[in-house]
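I opened a new notebook page for this structure.

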Amino acid sequence: MRAIGFIEFGGPDTLHVVDVPEPHAGPGEVRIRVHAAAVNPSDIALRAGHFGPPRDQAPYIPGMDAAGEISEVGEGAPWQVGDNVMAIVVPTGPNGGAYADQIVVPAESVVRMPEGADFFAASTLPMNGLTAKLTLDHLDLSPGQTIAVTGAAGVYGGYVVQLAKAAGLRVLADASAADEHMVRDLGADVVVRRGDDVADRIRELCPEGVDGVADGALLNERIAPAVRDGGGMVVLRGWDGDPGRGITVHKVLVVLSVKDTASLDWLRQQAEARAVTPRVARVLPAEQAAEAHRLLEAGGIRGRLVLGFSS
């Protein structure tokens, strides 16, 4: 069976087509015939070796998001062959990631695709969307409170902006001049110029500080001054700093919630209600995964690059 993987850590050119055994669904699992797999920054980190060896044996297969159709149902799994679904995938697990013709995942990691979405759009939602929902869950803000979102032009940041607005929050977001219009269209109430000193610009608008921060730009200690005393900030790469002033730092690790079926289905409902809008920047054939990684690393991609898998 075809997959896209790597043998050794390194740059994009380490990715190539590999032949792996066809997987089969065990009890409580389903096999998905993949039509689309999103390309995320976490895939680049995996390929570069930032997470250590993904599993016991190469080839290592990246990918945390997939959309496709059920091709095999394990005992006890509540699905039928032919169902169109999206799934969050753990590439460090025994079956590897989403860059493959067929993947096996726990049934709890799978939900129906949003009505009206194609495979490419649906594949951009599970991992980033679940991370955005966990962000808001951790911050636990009430309608009328203020959240600041860094990296708002990115997929995760954009989902946070949209879900925060749907929850009745006041949203401050950062953006470059080129992205300001897009970020406003996502629902940001106020847009400030992005950069390492964005906390200063936020404080000019909110002298007491914002109630919470979703740090999609990985600014860490540079964004902490924007938070009010006793507020909260969500970090995505395990920052261990202490901002002081009673600020709570929430480390979001989406891999701990991949079986949260209720949250994944809630995301589907939000997409159907147009509260979140999946953004596909470009679809590339699966064999061009190395090019997709090069494009993502070069920056400036707005929306998610997606790998298309055809029979």
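My entries follow, one topic at a time.

**Ground rules.** I am working with a predicted model, where local features need pLDDT of at least 70, side-chain atom pairs count only at pLDDT 80 or more, and totals for chains, interfaces and linings use all residues. Residues are numbered from 1 along each chain as its sequence is written, and side-chain values use heavy atoms, with hydrogens and water left out.

Entry 1: Buried means under 20% relative accessible area, exposed over 50%, partly exposed in between (1.4 Å probe, protein chains only). This core has 43 residues, and Ile147, Val149, Val160, Val161 and Val183 touch the most other members. Elements giving two or more residues to this core include strand E5 (84-88), helix H3 (126-139), helix H4 (155-166) and helix H7 (261-272). Helices (H or I, at least four residues) and strands (E, at least two) are DSSP runs, numbered from the N terminus. H4 gives the largest share, seven residues. I also noted a second, separate core of 39 residues, with Met1, Val18, Ile70 and Ala290 among them.

I then checked Val183 for contacts (heavy atoms within 4.5 Å). Not counting residues up to four places away in sequence, Val183 touches Ala152, Ala153, Ala173, Asp174, Ala175, Ala188 and Val191.

**Entry 2: H3 and H7.** At what angle do H3 and H7 pack? I found about 105°, with their axes 10 Å apart. Axes are lines fitted to C-alpha atoms, for helices over the stretch in contact, and angles run from 0 to 180 degrees between N-to-C directions. H3 and H7 are therefore roughly perpendicular (65 to 115 degrees) to each other. Pro126, Gly129, Leu130 and Lys133 in H3 meet Ser263, Leu264, Trp266 and Leu267 in H7.

**Entry 3: Ser109.** I found Ser109 in the loop between strand E6 (102-106) and strand E7 (110-112). Is Ser109 buried or exposed? Ser109 is buried, at a relative accessible area of 1%. Beyond four places in sequence, Ser109 touches Met86, Ala87, Ile88, Val258, Lys259 and Leu264.

**Entry 4: Gln102.** Gln102 sits in strand E6. Gln102 is buried too, with a relative accessible area of 14%. I looked up its polar contacts (N or O atoms within 3.5 Å; within protein, one must be able to donate a hydrogen and the other to accept it, and residues adjacent in sequence count only if both atoms are side-chain atoms). The Gln102 side chain makes one with the side chain of Ser71, at 2.7 Å. Another, of 3.3 Å, joins the side chains of Gln102 and Arg31.

Notes:
A nonpolar core is a set of buried Ala, Val, Leu, Ile, Met, Phe, Trp, Tyr and Cys residues joined through side-chain atoms within 4.5 Å. Angles under 35 degrees count as roughly parallel, over 145 as roughly antiparallel, 65 to 115 as roughly perpendicular and the rest as oblique.
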